[in-house]
Each structure stands twice: as structure tokens, then as C-alpha cells.
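Reader: I have the sequence and the model open. Let us go through some local features, one by one.

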Amino acid sequence: MLKKIFTKLLLVYCFIILISFGFLSVLVFQYLNNYVIDEKENALRTSVLKVEEMTTAQLEDRSVLSARILRINLEYIALNTKAVIMIVEKSGKIIMSTGANANVFEDKNIDMKSYAAVLNGDTVKKVGDFDALFKDQVLTIAAPMHYSGEVIGAIFMHTHIPEINQARNHLFSLFFKSLLVTFIVAFILIYFISRRISKPLKLISQAARTISDGKFENRVVVSSNDEIGELATTFNHMADALQNLEKMRKSFIANISHELRTPMTTIHGFIEGIMDGTIPEHEQQKYFKIVLSEVQRLSRLVNNLLDLAKMEAKTYAIEIKSFDINEMVRINLIKFEQAISQKDIQVDVHFEQAQCMVLADPDAIARVLTNLIDNAIKFSKENGSLVISLAQHAQKVHIKICDDGIGISEEDMKYIWDRFYKSDQSRSVDKIGAGLGLAMVKHIIKEHGQDIWVSSQLDEYTCFEFTLPLFDA
């Protein structure tokens, strides 16, 4: 179960939330505890000043009515602050108290030694049972009571610690409930986020397994623009490439089988005919020439395969020299004179200068020109045109070879540089090639550190253009 990324994400997120909420709870609990105590203390300190004012006023009046009013006011303050108020003489005798136990507290004496600072004019805070007068712990605020500029006693305000704890616990309960709701909402959100992250990864894993079994049709649905979506898109591109590679592999096997079988069958038949006398002696020379032509064709195919393998393995050595690219174009066109005449193709060649020296491997570039011109002628229409132009730009020569033939579709444009690839249209026209020419062209130009690109419109034209560095004498 823990091997699943969904489970791992969910557990990690929940662990982080629990740790964060636990740490936050400790801080909030401490804060609430201090906050409640501080608030209670501030309330008592404020109230004790009011009590002192009221007491001082009663001492000046000293009437029975005034004493009753003072007791009523003290009871009211005690009720609002949830405190017990005591008026204590300097000797420690409690002369007035509030609350249900007022009669119990009054006339009792307390040890004022513990509150000597109060008699000296200071306000004191203490926590305890107040000389055992209370059964539980109380927070006590003691303030001096003044009359005629002298301290004549003390005012004590007591609030029970359990009441403080009750208020604090009430606040913490509200916090915990809100924390619980937050955790539930966060858990739900994390659950769906984890599912959203893990689901495409699971789909990619499933698709990868099907591809490993040789089924290249499966694709992953991309539903986001984040890194997961980018991974899914990349995976789909990889699947497309693998599917295309598989198609090319099958096509290559079929093409190579055909290319090998046809000349070998021809060679076998003619040699057998010569040996058993079926072919008369005076015609044997003619058939020996055909056999030689087929052997040369097989040799070219094998050499192309070996050269392409070297290029892909980066072991194909090029020898850079300076040569006239214009002259090389002319020589290559002469080689295709018969093919051009057979299709009645009009050839237009545009040179910017009579001579254009470049730095490259002459044999490799001749191979590039041969492949591109051969393709242009092969895929041109009857009575079509072939345009070759050379132009100089920024220390480079741009060689462009264009035909008005069958063109290349957008779908095929992505794969024309792949080895063994032949589009359906080109397959019907080129029955000899094995789809190695453009792959070799691409490798040769790339090995020179130059660029090659193609533009085409289906059934209208195709233009190949590549660059070579100028030779600066």
C-alpha cells in the first residue's frame, strides 16, 4: 500500500499538517493561558482602583446609608468580575467582604506580613489559598487603601483559578473545533490534490507497460499545464516517436528484404542460366553486365547502411578542404543529365558569382547534392522544373534546391529526416530507395556544424536549403 505515490503523498501531507497543527496548538494553548490570566489580572487591577475610590468616599461620609451603598456597589463589581472583594484593615482584620461567604470571612484576621509591600503603597499579585481561607487556588490582587494621604488598609480581590481555567478551556475548545474543521477541509483538499497528481502518473505507468509489450497506440490524456501535464505530453511524444520508429523498422525490413531479394534473385537466375546453358554464350556478356549492375546496387545499399551507422556513432570522419561549390553543382547536374532528359525537366541554376569557395568535405557535400538533386528529379512532374540557387549571407553560402513535384505533407514533414522513412506518396514514386538518403544528408550537414531545412506544399513544390561556411582566402 505504501508503495503507491498517492498513499505516500497523502501520508506525508497529513503528517505535515498534524505536526504543524500540533505545534500551533501548543503555541495557542500557551497564548490563551497567558492571555486569560493577563486579561483577568488587568480587570482586577482596574476594578481595585474603583473599589478604592468607593471606599475612600464612604470613609468621608461614614453614614449607614453610605455603608450599604458601598456594599451594594462592591457586590455589583464582584459579580461582574467574578471575584471576591475584601476590605482589610492595617492590622489584617477583614472588615468587609462580598459573596455568599461574606459572613464567614468578615472579622477574620490575615497575616499582613506577606503583603507588607501593599502597606508600603504597592499593588501585589499572588496565587494561593490566601491563608487557607479558600479551598482552591485563587488569583489575588492586593492594593493599598489610602485616606488623607496615608495607607490605612488594603483592598483584596480574589478570583478562583478554576474559573480562569474554565474560561481558557472554553476558548481552547473553540480553537480546537475550528482546528478540527480546518484539518478535515485540508484533508479533503489534499486527498483530491494527491489523486490529481498520482492519477496521471498511474496512467503514464500503465501506458508505459503497454508500450513495453509492443502496443504503441496507447496515449495519456493531458488535463493540466503543470509539470505532470508536461510529463504526459512528453510521454505522448515519446510514444509517437516509438510508434513511428516501429513503423519505420517494419518498413525498413520490408524495403531491405525487397531490395536484397530482387537483385539477388536476378543474379541467381542469370548465373544459373549461364551455368546450365539456358543463356546462349553470345548473350552471356549482356547478362554479366546486368549481374554487375545488380552487384553494384547491393554494394551501394550496404555502403550507405555502413556509412549511416558510422555517422550515428560519430565515427564518420570528414576532411575539410576548400573547393568551388559552383563547380560541384555543375558536375552533379551533368551526372543526372539522362534522368533530366527522360522527364523533360527544365533546370534553372542561379549563381551569384562565377566562383564560390567553401570550406567542407568535398566528398560528403557531393553526396548531399547527389541525394537532394536525385530526389528533386525523382519526385518532379513530367515537364516540371528544377531550380538550384546559391547565395551568400553573413560568411555562409545558402544552397537551395527546389522542385515542383509531389510535395511533402505536414504529417510526413516531422519524419523525413528519420532513417528508413518513406511517405506513402514517395513510396509509389521511389521504388528503389530504402529511405536512407535524407538521414545521411542531415548527419553530414550536422557534422559540418551547419543547418538544413525544408519547406514544402503538398502537390506543389519542395525546397531543401542548407548552408556551408565561406572560404576566406
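Reader: E327 and R330 both lie in which helix?

Author: This is a predicted model. E327 and R330 are three residues apart, about one turn of the helix. Both lie in helix 8.

Reader: How far apart are the closest N and O atoms of E327 and R330?

Author: Side chains of opposite charge can pair when their charged atoms come close. The cut-off for a salt bridge is 4 Å. E327 and R330 form one. E327 is partly exposed at 37% relative accessibility, and their closest N and O atoms are 3.1 Å apart.

Reader: K400 forms a salt bridge with which residue?

Author: The closest N and O atoms of this pair are 3.9 Å apart. The pair links distant parts of the chain, strand 10 and strand 12, 65 residues apart. K400 lies in strand 10, and its partner is E465.

Reader: Is E465 buried or exposed?

Author: Buried means under 20% relative accessible area. The value for E465 is 14%. K400, at 32%, is partly exposed. E465 therefore counts as buried.

Reader: Which residue meets K321 in a salt bridge?

Author: The distance from N to O is 3.9 Å. K321 is partly exposed at 41% relative accessibility.

Reader: Where is A394 found?

Author: A394 has a positive phi, near 50°, and is not a glycine. A394 is exposed, with a relative accessible area of 74%. Q395 also has a positive phi, about 60°, and is found in the loop between strand 9 and strand 10. A394 is found in the loop between strand 9 and strand 10.

Reader: R209 is found in which helix?

Author: R209 forms a positive surface patch with R195, K199 and K202. Its relative accessible area is 47%, so R209 is partly exposed. The helix spans residues 161–212. It is helix 5.

Conventions
Residues numbered from 1 in each chain as written. Predicted model: local features only at pLDDT ≥ 70, side-chain atom pairs only at ≥ 80, totals over all residues. Heavy atoms only, no water. Patch = residues over 30% accessible without salt bridge, like charges linked within 9 Å, V, L, I, M, F, W, Y side chains within 5 Å. Areas by Shrake-Rupley, 256 points an atom, 1.4 Å probe, with all protein chains shown as cover. Salt bridge = Lys/Arg side-chain N within 4 Å of Asp/Glu carboxyl O. Lys, Arg positive; Asp, Glu negative; His and termini not counted. Charge placed at Lys NZ, Arg CZ, Asp CG, Glu CD. Helix = DSSP H or I, 4+ residues; strand = E, 2+ residues; numbered from the N terminus. Buried < 20%, exposed > 50% of the residue type's maximum accessible area, 1.4 Å probe, protein only.
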